[in-house]
Amino acid sequence: MLRIAVPNKGSLSGPAAAMLHEAGYRQRKESKELVLVDSANDVEFFYLRPRDIAIYVSSGRLDIGITGRDLLLDSGASAEEILQLGFARSTFRYAAEPGTAESVQDLNGKTVATSYEGVVEKHLADNGIEAAVVHLDGAVETAIQLGVAHAIADVVETGTSLRNAGLETFGEPIMESEAVVVRRTGAPADDPKVQQFLRRLQGVLVARRYVMMDYDIRVEQVEKAVALTPGLESPTVSPLHHEGWVAVRAMVPTSDAQRIMDELYDLGARAILTTGIHAARL
Ligand SMILES: Nc1ncnc2c1ncn2[C@@H]1O[C@H](COP(=O)(O)OP(=O)(O)OP(=O)(O)O)[C@@H](O)[C@H]1O
Ligand SMILES: O=P(O)(O)OC[C@H]1O[C@H](OP(=O)(O)OP(=O)(O)O)[C@H](O)[C@@H]1O
Ligand SMILES: [Mg+2]
């Protein structure tokens, strides 16, 4: 049975459970459930603190886990990402009161507060900076106002938390993060159970990112039309009863669908339809 670590709280937990549900796995009904066996799919889910997930996976007790790239790096655990999941996207940045720092060099001899001291200590060391790092569990934006640190390093998504605290980012972003699937470094890459799990999640990503597009077009225009809708491999082109016309079917990125429909219409395509994809195996 495949043993999978899933975030039990925070920004990762809701979207992770939603993605697993969409991939056909049973999910817990209430947040106090810590272990759930989905025997029909031969998997067991362990709901753990997101920060601990890479550590469990690196120990080999669990096969794979869902966590954030920043948490994986911060843990220092011997685990590696094998699939990007596209949610919980954030940037990890330094911030301070306006006018007090411009680059990481300005942190020499200063104090930085963060919940991610693994990430920050590595970044400071890589840049040859000597600064004290203070660990705080959360709400680190307030550390400057309360005199605990000169600067902070934290997750930024919309920037609202920083603005509310009267802080500004400075220096280059330390890293970009998103939810990822991790496994123990060096674990066999061809484990069929892991491969099947990854194919299911990739199927969800495809279903979310693509729509199926169908349209009719005159034969003379078909080459120009399929250039707009190349599909993942190649579009299906079928003859129509009405001579001189063909029907085309191809997957297109959801974010481009309306623009492509306009361009197809201008080329003379008609009966242009898009439909959602519920599940996929590529
Ligand atoms: N506002 C946010 N937007 C997007 N991703 C976020 C946000 N806050 C945290 N994350 C991401 O979520 C992961 C951290 O999850 P974690 O549950 O530890 O923190 P959290 O979501 O801040 O929850 P809490 O601090 O309430 O425990 C990291 O990968 C981080 O990049
Ligand atoms: O740029 P924003 O959209 O404001 O998002 C970033 C904020 O979200 C997270 O905080 P969270 O609400 O999880 O509280 P925490 O600081 O206690 O972790 C993170 O630690 C930042 O503070
Ligand atoms: Mg938080």
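1. In ligand 2, an oxygen atom sits 2.6 Å from an N or O atom in the side chain of Ser161. The protein buries 60% of the 490 Å² that ligand 2 exposes when taken alone. The model is predicted, and the distances quoted here should be read as values from a predicted model.

2. A backbone N or O atom of Glu157 is 2.7 Å from an oxygen atom of ligand 2, and a polar backbone atom of Gly159 is 2.7 Å from an oxygen atom of the ligand.

3. The shell around ligand 2 includes a run from Asp154 through Val155, Val156, Glu157, Thr158, Gly159 and Thr160 to Ser161. Gly138, Ala139 and Glu141 are the other residues around this ligand. By class, the shell holds 3 nonpolar, 5 polar and 3 charged residues.

4. Which elements supply at least two residues each to the shell around ligand 2? They are β9 (151-156) and α6 (160-164). Of the elements, β9 gives the most, with 3 residues.

5. Around ligand 1 there are 14 residues, of which Gly10, Ser11, Asp70, Ser90 and Glu157 come nearest.

6. Ligand 1 has 590 Å² of accessible area on its own, and the protein covers 66% of that.

7. UniProt, in an unreviewed entry, lists residues 49-203 as "domain: ATP phosphoribosyltransferase catalytic".

8. Helix α7 runs over residues 192-209. Its end C-alpha atoms are 25 Å apart, which agrees with the 26 Å that 18 residues should span at 1.5 Å a residue.

9. The N-terminal end of α7 is capped by Asp191, whose side-chain oxygen lies 2.9 Å from the backbone nitrogen of Lys193.

10. Which residues of α7 are buried? They are Val194, Phe197, Leu198, Arg200, Leu201, Gly203, Val204, Leu205, Val206 and Ala207. A charged residue, Arg200, is among them.

Conventions
Residues are numbered from 1 along each chain as its sequence is written. Chains are lettered from A and ligands numbered from 1 in the order in which they are written. This is a predicted model: local features need pLDDT of at least 70, side-chain atom pairs count only at pLDDT 80 or more; totals for chains, interfaces and linings use all residues. Side-chain values use heavy atoms; hydrogens and water are left out. A residue is near a molecule or strand if one of its heavy atoms lies within 4 Å of it. A polar contact is a pair of N or O atoms within 3.5 Å; within protein, one must be able to donate a hydrogen and the other to accept it, and residues adjacent in sequence count only if both atoms are side-chain atoms. Accessible areas come from the Shrake-Rupley method with a 1.4 Å probe; for residues, only the protein chains shown count as cover. Helices (H or I, at least four residues) and strands (E, at least two) are DSSP runs, numbered from the N terminus. UniProt positions are given in the numbering used here, feature names are shortened, and annotations may be inferred rather than shown by experiment. The expected span of a helix is 1.5 Å times one less than its number of residues. Buried means under 20% relative accessible area, exposed over 50%, partly exposed in between (1.4 Å probe, protein chains only).
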